[in-house]
Amino acid sequence: MTDPIDPRGRSMRTLAGLATVALLVVACSSSTTSSAPSAAAPSAAAPSAAASEAAPSAAASAALGATTIRSNEHEKVPAASVKAMVDYCTTKTGVTAPVAITNHNDFQDQFNSFMQGTPEDIVKWFTGERLRFPARNGLLTAIDDLWPSIAANYTDGMTKAAQGDDGKQYAVPIVSYPWVVLYRKSFFQEKGYTVPKTWDEFVTLAKKIQADGLIPLAFADKDGWPAMGTFDILNMRMNGYQFHADLLAGKQKWTDPKVQAVFAKWAELLPYTQPDPLGRTWQEGAQAWANNKAAMYFLGTFASQQVPAENLADVDFFPFPTLGTQYDSELGIDAPVDAWILSKAPKNLPAAEAMLGCFATPEAQLAFLGEDHSQIPASKVTDTSSFTPQQSKMAEIIGASGGVAQFLDRDTRSDFAGAQGMQALLQDFIKNPSQDLAAYTAKIQGVYDSLPPQ
Amino acid sequence: MTSDVVEPATPTAPAVGVAAVPKPKGRLRLSRGDKWVLALLLGIPAFVHIFLVWVPTLASVVLSFTSWNGIGGLDRIKFVGIDNYRVLVTTYPPFWPAIEHNLIWLGVFMLIATPIGIFFAVLLDKEIRGTRFYQGALYLPVVLSLAIIGFIAQLFLSTDQGLVNGVLAKVGVAPVDWLGNSSLNLWAVLVFASWRQVGYVMILYLAGLKGVDPTLREAAKVDGATEVQTFFRVIFPVMRPINIVVLVITVIESLRAFDLAYIINRGLNGLELLSVLVTNNIIGEASRIGFGSAIAVILLVVAVGPIIVYLTRTLREETR
């Protein structure tokens, strides 16, 4: 899992001959896969798959037969997580499901054509606008008949994140993680640093760190997306969650002076962040932090993947400092959610819904996480005995937030968030933070307005 | 040393194509079976060519006047006139940088990489000692895919962990942001692109040089021409067909440049290229097929236009 949220990734794809591009898009439906034919015909006798949580008897569920799954987790640890989850739910529900795997970034690039072809019944995906878009375009099946049986597992925020524009439920959230300021406890102790709660405390600390010849905050944006997290947190803390959500949904204008204020604040922050971020991947940024060249790193908790295993327990984190605005108490935060979705024409709906019902349980999600402690289950977990201190803290931070966003490239239309939109635009700002912000935000709005209606 | 590689366009060369339209002269009549074979042999490639090249090309042109997110049937394609082109030249930020970078790429290939490749070919043609080794060494990057070259480039140029900055640090130079500084990274990438282009041109040109009639050189020597004069006055003009191939390849290689920029930062921040913009618009979830097609059409015109003009002119001169 090198790029957990990389919208497009650096994965290599050769440009099919220029002239054939259009044909490819028109003609290419999807790769055929090793989906095993369902053993039993869809059982019409079991329209309600609601019983999954109660671990139905094997005899009752054997009739459900098999479903099929497509996972975008190709790397070792997350692939094992998916397998652990599916295995757990196969024993719980009796539904068997072969898992086909596509490279994470390739899958995002091909998602459209893949979902229009003959996708597996259950597909691993995201929530937010990236869920609403395929739902709006009829590529998904709503799971409203399943939802009442699993609704109790989720908070209102999580329920909303899994909704389409039509208010129907389209996804079963499984795991989540917050964007926080990471630091190493032993290093802070050694240097006599204390965790800053407010912007002023943060600036004081940053100056002290710089006086020690260190970088206060690691920063990398070669990939194009990590800087989005900084915009998100500043906008939410300065203008509130609702404004942020509306802005990304196109209901507010980027030319609003409130947005300019966000970039002005960001320009204040940049002197304390690692120089030359546009030539650095987030992995390299995380390593600068892990090797104590930088004292802190504002990123998703997955940054700790770059920390050697023996130092993992030393990793700690805190929410981004408050900025002294009226939204301080709201504590808005980015906490992206991964989820399972149901494709538009599942071959065995009852079996697929039984499987999804099981995926919604905290037990299945804990099975998914296994030894991976950089995320937490998306469901409410009553038994947190298996949590590491970091996981407890993640749950606490997300729980304390009055406005949980996904992430810029999951919350806004993807043609706006992508390389031809916000990725390039934010890099433009980072390169030249002292530019005329009115003209700059007008440029952003111009790009947004040039996009076709969805 | 045979001269079949670069037989300078003799009248027989174009005649090969004419054989398909036999004039019913005398007894040279084709049987019914022959006609079937001919029709099949010409028809299949023609069909493949039309279906895989011309149909998609025309489809791209048509799509460039539409708005479509790639979802649903053709009925969801909306015609928007020249809107895509208007947005492209007015509001789309990476368009003009991409044009500029493609032209710089072309300039560097034409003025630096290709001449160096030709120079190496001329040197190696002298049968100096170890010529095979040099050939292999110079040709090696051509065997590597550009994706791998992109990977190698990152190993060299990464700010924190790259080899170049590591060496520079040893002599006390502050780290340089080779790949992130948008006024530097294009040139850094061009070094690696040229590394490959030099080898490519070299091998093409070397093959051509091997085919040049040695008596030409001897005659030039007898006439008292220097090495330089021999090359520019005798060899280079004789190599005309190869020169055309090298020129066309240089133009094509620089306009379809894609892999390196894409692998390094997906064509962001100083590495914008038309081909990457096409891809970035067409892949992904909410893709903009029409918009990407408009960029593709511009790239097509830029690439094909000059080549058609040049080729028709040279071919006309040759047939005269």
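User: Which residues touch the most other members of the largest nonpolar core?
Analyst: This is a predicted model. Its largest nonpolar core has 79 residues, and W254(A), F263(A), W266(A) and M296(A) touch the most other members. Helix 10 (residues 226-248) of chain A gives the largest share of this core, nine residues.

User: What does M296(A) touch, leaving out residues up to four places away in sequence?
Analyst: Its partners are V181(A), L182(A), Y183(A), F188(A), F202(A), L205(A), I209(A), P216(A), L217(A), A218(A), W289(A) and F318(A).

User: What makes helix 18 of chain A mostly covered?
Analyst: Count its residues. Helix 18 (residues 422-431) of chain A has 10 residues, and eight of them are buried. Those eight are M422(A), Q423(A), L425(A), L426(A), Q427(A), D428(A), F429(A) and I430(A). The cover includes helix 10, helix 11 (257-269), helix 16 (408-411), helix 17 (414-417) and helix 19 (437-449) of chain A.

User: How many helices and strands does chain A have, and what share of its residues counts as buried?
Analyst: Chain A has 19 helices and 12 strands. Of its 454 residues, 59% count as buried. Now take the contacts in chain A between residues at least 6 apart in sequence: 78% of them join residues at least 24 apart.

User: Why is the pair D87(A) and K83(A) called a salt bridge?
Analyst: The cut-off is 4 Å between the side-chain nitrogen and the carboxyl oxygen. The side chains of D87(A) and K83(A) meet at 2.8 Å, N to O. That value is within 4 Å, so the pair counts. The two residues are four apart in helix 3 (residues 76-93) of chain A, which puts about one helical turn between them. An α-helix has 3.6 residues a turn, so residues three or four places apart point the same way.

User: Why is K83(A) called exposed, and why is D87(A) called partly exposed?
Analyst: Exposed means over 50% relative accessible area. K83(A) has 51%, so K83(A) is exposed. D87(A) has 36%, which falls between the 20% and 50% limits, so D87(A) is partly exposed.

User: What about E268(A) and K265(A): how far apart are their closest N and O atoms?
Analyst: They are 3.7 Å apart, and the pair forms a salt bridge. Both residues lie in helix 11 of chain A, three residues apart, about one turn of the helix. E268(A) is partly exposed at 41% relative accessibility. K265(A) has 13%, which is under 20%, so K265(A) counts as buried.

User: Why is K210(B) with D125(B) said to tie together parts apart in sequence?
Analyst: Their side chains meet in a salt bridge at 3.6 Å, N to O. K210(B) sits in helix 8 (residues 185-210) of chain B and D125(B) in helix 4 (residues 95-125) of chain B, so the pair ties together parts that are 85 residues apart in sequence. K210(B) is partly exposed at 26% relative accessibility, whereas D125(B) is buried at 14%. Elsewhere, salt bridges that share partners join E73(A), K124(A), D338(A) and R410(A) into one network.

User: How many salt bridges cross the interface of chain B and chain A?
Analyst: The rule finds one. R280(A) and D160(B) meet through their side chains in a salt bridge at 2.8 Å, N to O. Helix 2 of chain B gives the most to the side that touches chain A, seven residues.

User: What area do chain B and chain A bury between them?
Analyst: About 4,600 Å², with 58% of it on carbon and sulfur atoms. In contact terms, 54 residues of chain B meet 53 residues of chain A. R266(B), L268(B) and E285(B) supply 16% of the area that chain B buries against chain A, more than any other three residues.

User: What area is buried between domain 1 and domain 2 of chain B?
Analyst: About 560 Å², and carbon and sulfur atoms give 74% of it. The count of salt bridges between these domains is zero.

Key
Residues are numbered from 1 along each chain as its sequence is written. Chains are lettered from A and ligands numbered from 1 in the order in which they are written. This is a predicted model: local features need pLDDT of at least 70, side-chain atom pairs count only at pLDDT 80 or more; totals for chains, interfaces and linings use all residues. Side-chain values use heavy atoms; hydrogens and water are left out. A nonpolar core is a set of buried Ala, Val, Leu, Ile, Met, Phe, Trp, Tyr and Cys residues joined through side-chain atoms within 4.5 Å. Buried means under 20% relative accessible area, exposed over 50%, partly exposed in between (1.4 Å probe, protein chains only). Contact means heavy atoms within 4.5 Å. Buried area is the accessible area (1.4 Å probe) that two parts lose on being put together, summed over both.
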